[in-house]
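Hello,

Here is the structure I promised to pass on to you. Please have a look at it first, and then read on for what turned up.

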Amino acid sequence: MAEALQPLGRDAPKAGFPARGLLGWVPALTLATFLLPICVGLLGTWLPAFGYLPAIGGAAFSLEPWRALFASPGFERMLALTITSGFLSTAIAFCLTIWFVAACHETRLFAALRRLMTPLLAVPHVAVAIGLAFLLAPSGFFFRLAAPWLTGSEIPPDLAILPDPYGLALALGLVVKEVPFLLLITIGALDQVGAKQRLATARGLGYGPIAAWMKTVLPAVYPQIRLPVYAVLAYALSVVDMAMVLGPGTPPTLAVQILRWFNDPDLSMRFAASAGACLQLGLVVLGIALWHGFECIAIHQARAASFAGRRGGSGKVQARAAGLAMAVVVALGLGGIAVMAVWSVARRWRFPDAWPSAWSLETWSRHLDGVAISGWTTLGLGLAAAGLAVALTLGCLESEQRVGRRPTHRALWLLYLPLLVPQIAFLFGAQVLAFRLGWAGTWAAVVWSHLLFTLPYAFLALADPYRALDERLLRTARCLGASPARVFWRIKLPLLLRPVLISFAVAFSVSVAQYLPTLFIGAGRVATLTTEAVALSSGADRRVLGVYTFLQAALPLAIFALAIGLPGRLRPFGPAREAGK
Amino acid sequence: MMKRVINVCAAAALALAAQTPGAGAGTAWEGVLAEAKGQTVYWNAWAGDERINAYIAWVGEEMRRRHGVEVVHVKVADTAEVVTRVLAEKVAGTAEGGSVDLVWINGENFAAMRDNGLLFGPFVEGLPNFALVDVEGKPSTTVDFTIPTEGLEAPWGMAKFNFIHDSARAPEMPATMAALVDWTAARPGRFAYPAPPDFLGSTFLKQALVELTPDPGKLQQPVTGDPAFETATAPLWAYLDALHPHLWRGGQAFPASGPAQRQLLDDGEVDVTLSFYPSEAASFIANGLLPDSARVHVFASGTIGNTHFVAIPFNASAKAGAQAVANFLISPEAQARKQNIEIWGDDTVLAVERLDEPGRALFAALPRGPATLSPEELGPTLLEPHPSWMTRIEAEWLRRYSR
Amino acid sequence: MTGALRLQGVSLSLVGRNLFQRLDLVAEPGQTVTVMGPSGCGKSSLLAYICGTLDRAFVATGSVLIGDSDVTGLPPERRGIGIIFQDDLLFPHLSVAENLAFGLPASLRGRKARLGRIEAALADAGLSGFGDRDPATLSGGQRARVALLRTLLSEPRALLLDEPFAKLDIGLRTRIRAFVFDHVRDYGLPALLVTHDPADAEAAAGQVITLAPAGNDDPEEAAAWTPTSPSPVRLP
């Protein structure tokens with residue numbers, strides 16, 4: 001028992017607590033890990049939004065910050081841009097995912113693309129955005145391939161592609177990054193709802209593959225993926241780092257503008273920034289409510305339509321179209337990383353050359369030191385944040401199984417809170433808290449801030465395989481005289497080795513991708529590959545960006561490769577494979 | 001002093017290090033150096049340029065070797081982030097042991113920190129090497145955007161607004177802001193400027209304002225009121241309204257920053273980028289960031305110039321170490337290295353002609369590239385307007401063009 | 001009226017291992033052929049093969065015919081083969097009537113007409129007025145009946161029964177068996193029942209085939225099917 005809690009050993013009282021009680025505290029401790037900083041952070045943001053920030057002379061409550069917010073130039077455009085890019089990207093990512101699974105679930109392409117999704121999931125958002133920006137720009141890779149023989153000019157066309165005024169490039173970037181997440185979540189839910197038998201039943205009743213999937217599997221799958229979809233929507237509505245690279249600048253999306261205000265040398269802008277951060281939260285809440293509204297309408301419509309009994313066609317054309325669309329998404333995501341890797345070894349690569357005209361390893365040699373430092377920091381933070389996340393997740397799940405109580409729906413919402421509350425809405429307040437405790441800029445605080453985001457993902461990745469463990473095996477072990485701790489260490493962990501490692505890798509990649517938390521809580525002293533990449537992106541030397549982008553992608557990928565390859569090496573057959581499917 | 005001498009190897013460095021700075025400061029300064037020894041200085045500095053980062057790393061090595069001071073470059077995308085952080089520390093009541101020891105700063109950010117009591121000092125007069133600074137010839141070393149520095153920030157380098165153009169595609173450049181409109185009309189989509197409040201974008205607006213406003217003298221005073229602002233800036237808005245339709249993307253989008261526009265120039269999307277360092281073009285070429293045909297262009301009537309500084313926050317953990325760094329930054333050796341286009345290419349704040357012989361020799365030996373202009377060719381330096389103008393202009397620009 | 005369901009030379013193998021020997025059988029309309037065998041011998045895979053939902057990992061040979069038409073290459077939905085599992089698999093997101101409407105062909109148009117057809121089917125099964133119920137509120141026997149009705153409403157040309165009675169109480173089993181086999185006869189459907197309960201086979205009152213694992217020492221014996229009940233009883 002005590003060893004089961006090893007990761008928490010320091011906080012655990014030495015004696016006096018019965019083992020069961022101690023483990024029972026893990027879910028509460030886990031929730032407190034989230035709720036405390038988020039609540040305090042929100043408060044620290046809400047007070048200035050109503051004029052209270054004594055340090056810069058805001059001593060009385062007022063609505064002036066809101067007035068300033070609503071009167072800020074381009075405010076309506078900002079809102080419109082945020083809402084359209086957020087909703088558009090989520091809707092496209094969701095529909096594409098569902099369409100692809102519905103149309104292609106029985107094709108070979110499905111398995112192939114599914115395997116490519118994991119690397120794309122592992123790559124941080126900024127890296128995808130930087131890669132995509134270079135692919136799409138009028139002077140970017142695609143136009144270089146087309147020029148001059150197709151465009152007829154040595155000069156790039158003056159097209160409003162990147163940035164485009166409607167945030168479409170941003171929406172595309174979000175789609176590329178969110179589709180793998182939604183797809184893997186959806187596939188994970190398929191087994192739980194008995195998709196195979198549902199499909200077989202419906203096909204036996206004469207339904208085509210797509211109609212069968214949409215009418216019988218989707219209604220069961222959707223409740224399972226609803227929270228992740230909300231998280232995607234919340235993220236898309238409040239994304240900062242991707243919007244800085246792909247979104248328009250005059251005006252930008254609301255979240256980027258808020259960050260600009262927070263960073264404005266005119267400190268009184270901080271009031272408007274805080275009001276904006278509150279509005280951002282409201283926007284996300286409203287967005288989720290709206291989405292939920294659409295959901296209800298869609299479910300009602302679909303039920304009515306399903307009464308008519310239309311069987312749908314063979315779906316072959318659709319399968320090809322959906323497969324192609326998905327392949328494009330994967331190609332854009334991974335292709336962007338690939339061209340940035342090429343940039344890292346380029347010396348000169350001007351428009352309209354399809355490939356660099358001069359190559360050099362100088363960028364690598366010149367940046368090796370800087371890269372090594374931030375690389376090690378990224379690795380250390382990632383390992384700590386992912387390790388803690390997996391340990392807490394295991395503690396929660398084990399406690400849940402021993403106490404015999406599944407978390408309520410509400411508790412799940414709490415777990416998702418960090419993914420639903422926009423980062424910008426609580427990080428300023430959380431930063432003040434960190435300073436007050438003297439923790440800002442310390443590793444522990446940054447790991448904590450990452451933990452807010454690694455934990456939900458680790459939980460997401462591990463909960464289902466954990467709960468799916470054949471209970472009879474565990475009961476058999478107990479009846480053979482094994483203590484719960486022994487069952488945990490000798491039966492569960494070996495059986496779950498693969499999902500545990502995968503969930504660790506997912507959490508690690510989430511930690512690598514964190515930009516705002518590292519920036520705010522790290523007080524700028526903790527430099528990761530991601531913060532360096534964003535800082536350097538303002539310097540716009542693509543070769544250096546290439547180095548950082550490549551490493552940013554390579555590090556989580558390496559951890560994923562280990563997570564997938566290791567169990568096979570440790571145990572060449574049996575449970576690890578089975579449990580990980 | 002002797003201790004330092006023994007440690008230095010290079011002959012030039014030997015001579016320089018032995019230079020005796022301002023008399024009388026000796027004892028107090030040695031106290032500072034003694035206190036600095038063993039301290040770690042977290043220097044928050046914009047990190048968008050690799051050459052600058054490399055230079056800062058060199059400063060760190062020298063400080064460790066000479067004074068036993070560790071320098072950590074905290075890389076910053078936007079200096080305003082640092083202001084935010086120090087502010088957050090003040091909000092949290094961190095009066096000591098703050099996270100920032102030294103910050104690269106000027107203009108609005110300096111004004112914001114000064115006005116909110118976020119700065120330590122005055123300390124600049126106590127720096128021995130400050131005596132070498134050309135405070136008469138380069139008035140902006142003590143007046144930052146018309147605001148007296150009052151010893152709260154130490155000058156580090158000189159900036160002067162200029163254009164970099166690709167001479168292969170745009171051989172002829174306009175001679176004035178007014179001529180720029182015709183130039184862009186003749187080649188639509190080939191000119192751009194970064195969106196304010198990016199400092200290069202804002203400087204472009206200031207340059208236009210200084211050239212176009214009826215009474216430039218008024219710009220040296222704070223804005224007195226709306227009517228005065230409207231009178232002074234009306235020609236600017238008329239000018240921009242005429243200019244924008246011919247810009248890159250039809251003036252509907254603007255490059256995000258100066259470096260982003262440098263990338264656009266290299267990509268061939270535009271023919272011109274803006275710069276604050278006249279030697280920058282040469283080093284861009286040397287580093288493979290711009291084509292060999294890139295050239296510097298300034299207006300004969302002069303362009304805006306200013307000084308950039310380093311300052312110490314009120315709650316810095318290593319104030320002595322930070323002062324030691326600030327002093328080293330204005331040593332002839334550090335300044336000459338900084339002005340070298342192969343290193344960075346940032347003009348010195350020192351009065352070179354007043355240095356001793358080895359010091360002058362360092363500057364005389366600096367290399368020059370085809371894209372480097374001599375001080376005479378660079379023309380006169382126009383003074384920055386008072387920051388209140390900039391704040392108003394940026395807000396008005398956003399109101400008019402960012403919607 | 002529909003033709004007989006025929007399997008000709010069917011064999012399945014997984015990773016090079018044959019699951020059972022070549023299988024040939026004929027189920028005449030209105031008749032139920034029972035396939036028995038130890039667990040793991042591939043009974044469920046055989047059904048999946050017949051309805052066209054077999055996993056790609058399997059290699060299958062042989063053909064499936066209904067009447068004179070070879071349906072082997074057709075996608076599942078175009079074979080017209082209904083299947084009933086031991087879990088009734090009523091869709092929990094739909095009401096009973098909506099579940100039945102799901103089975104009803106789209107060619108029957110109009111909400112009223114469809115509802116009428118559904119009501120009639122429910123009445124036939126002694127479930128009048130159950131249309132608006134949530135399937136979760138039904139008893140096991142009721143659910144089993146609704147599942148069969150749903151399949152029958154889809155007008156299949158053949159019916160597969162995958163241990164459909166295994167999860168029912170003993171008392172209920174007899175009644176549901178009678179319900180199912182009566183309907184198979186009434187609708188004149190060829191049916192194939194997979195089970196390991198001899199009582200099922202007896203109630204089906206048709207041919208019984210025992211699947212023998214492949215790789216037996218005596219392939220002749222393994223391939224042979226052993227009737228365990230008297231010759232098929234013809235019913236009026």
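Before the chains are described, one term is needed: two residues are in contact if their C-beta atoms, placed from the backbone, lie within 7 Å. Please also keep in mind that this is a predicted model.

Let me start with where chain A meets chain B. Here 48 residues of chain A are in contact with 55 residues of chain B. On the chain A side, four elements each supply at least two residues: strand S1 (346–348), helix H16 (423–436), helix H22 (529–537) and helix H23 (542–570). Sorted by class, this side of chain A holds 26 nonpolar, 10 polar and 12 charged residues. Of the 2 pairs of chains that touch, A and B have the most contacts.

The other meeting point involves chain C. There, 26 residues of chain C are in contact with 22 residues of chain A. Strand S7 (81–84), helix H2 (96–103) and helix H3 (111–124) of chain C each bring at least two residues to the side that touches chain A. The largest share of that side comes from H2(C), with 4 residues. Its classes are 14 nonpolar, 7 polar and 5 charged residues.

And how far apart are the nearest C-alpha atoms of chain B and chain C? They are 47 Å apart, and these two chains do not touch.

Now for chain A on its own. It has 24 helices and 2 strands, and its C-alpha atoms fill a box of roughly 75 × 65 × 55 Å along the principal axes. A compact globule of 581 residues would have a radius of gyration near 25 Å, and because chain A has 25 Å, the two agree. Of its 581 residues, 55% count as buried. Looking at contacts in chain A with a separation of 6 or more, 80% are accounted for by residues 24 or more positions apart.

Between them, 14 residues of domain 1 are in contact with 15 residues of domain 2. Helix H6 (residues 107–115) of chain B gives the most to the domain 1 side, with 3 residues. That side of domain 1 has 5 nonpolar, 5 polar and 4 charged residues.

Notes. Residues numbered from 1 in each chain as written. Chains lettered and ligands numbered in written order. Predicted model: local features only at pLDDT ≥ 70, side-chain atom pairs only at ≥ 80, totals over all residues. Rg over C-alpha atoms; globule rule 2.2 N^0.38 Å. Buried ≥ 20, exposed ≤ 12 C-beta atoms within 10 Å, placed from the backbone. Nonpolar A, V, L, I, M, F, W, Y, C, P; charged D, E, K, R; others polar.
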